Amino acid sequence: MRYTRALAATAAALTLTLAGCSSTESPAGGDGDGFNDADVDFATDMIQHHAQALSMVDLTMGRELDPEMVELTEQIRAAQAPEIERMVDWLESWDEPVPETSRDHANAHAEGHGAGDAMDEDMPGMMSAEEMTVLENAPESEFEELWLQMMIEHHQGAVEMAEVEVEEGESAQAVKLAEEIISAQEEEISQMQDMLEG
């Protein structure tokens with residue numbers, strides 16, 4: 001019994017020593033959660049992606065919408081605004097720059113206030129500034145259908161980005177959020193497709 005315990009203790013100590021010397025060990029954020037470049041890219045890009053989704057939600061304000069549409073927009077706002085805050089906190093704890101968006105409190109000094117400002121339009125599902133302007137100016141008769149079509153595309157892009165994070169990310173909290181985004185947004189995509197067909 002004593003020999004077994006001693007062997008186990010020696011093995012544990014050796015494991016800790018090897019872990020401490022490992023050249024592949026990643027730095028940790030403020031909460032000790034390791035991270036890699038994929039995590040940084042995910043948080044950086046998804047902050048901007050979510051910010052545009054919230055800008056699209058903003059464009060529904062003051063319009064006469066179906067009750068289901070109103071509920072959906074508030075659901076998106078309630079989910080994505082706190083997620084932006086979480087990802088901003090991660091980047092700050094990782095000593096990484098926080099991207100500028102038209103909505104981010106951390107970059108309130110950013111010039112310009114348009115929905116498409118400070119956005120990387122090359123990300124999957126991102127709308128161009130021109131597309132955002134078309135949506136903003138859409139007549140009531142066309143707005144809901146156009147908004148749903150655009151948000152479906154936007155969500156599909158977010159799912160694609162989150163899937164990359166699940167495959168390549170190291171941060172447990174970032175991967176968990178990516179999985180939550182995939183689940184929630186795939187469900188909303190299905191809901192929006194049903195709304196278009198209804």
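By salt bridge I mean a side-chain nitrogen of Lys or Arg within 4 Å of a carboxyl oxygen of Asp or Glu. Both residues lie in helix 3, three residues apart, about one turn. Helices here are DSSP runs (H or I, at least four residues), numbered from the N terminus.

A word on the source. This is a predicted model, where local features need pLDDT of at least 70, side-chain atom pairs need 80 or more, and totals for chains, interfaces and linings use all residues. Residues are numbered from 1 along each chain as its sequence is written, and side-chain values use heavy atoms, without hydrogens and water.

How many salt bridges does the whole structure hold? Five. One pairs Arg63 with Glu140, at 3.2 Å, N to O. Arg63 sits in the loop between helix 2 and helix 3, and Glu140 in helix 5, so this pair ties together parts 77 residues apart in sequence. Arg63 is buried, at 17%. Glu140 is partly exposed, at 47%.

Next, Arg86 and Glu180, with closest N and O atoms 3.9 Å apart. Arg86 is in helix 3 and Glu180 in helix 6, so parts 94 residues apart in sequence are tied together.

Now helix 6 itself. Its buried residues include Ile181, Ile182, Gln185 and Glu188. Among the elements covering the buried residues are helix 2, helix 3 and helix 5.

Definitions and conventions
Buried means under 20% relative accessible area, exposed over 50%, partly exposed in between (1.4 Å probe, protein chains only). Helices (H or I, at least four residues) and strands (E, at least two) are DSSP runs, numbered from the N terminus. Contact means heavy atoms within 4.5 Å.
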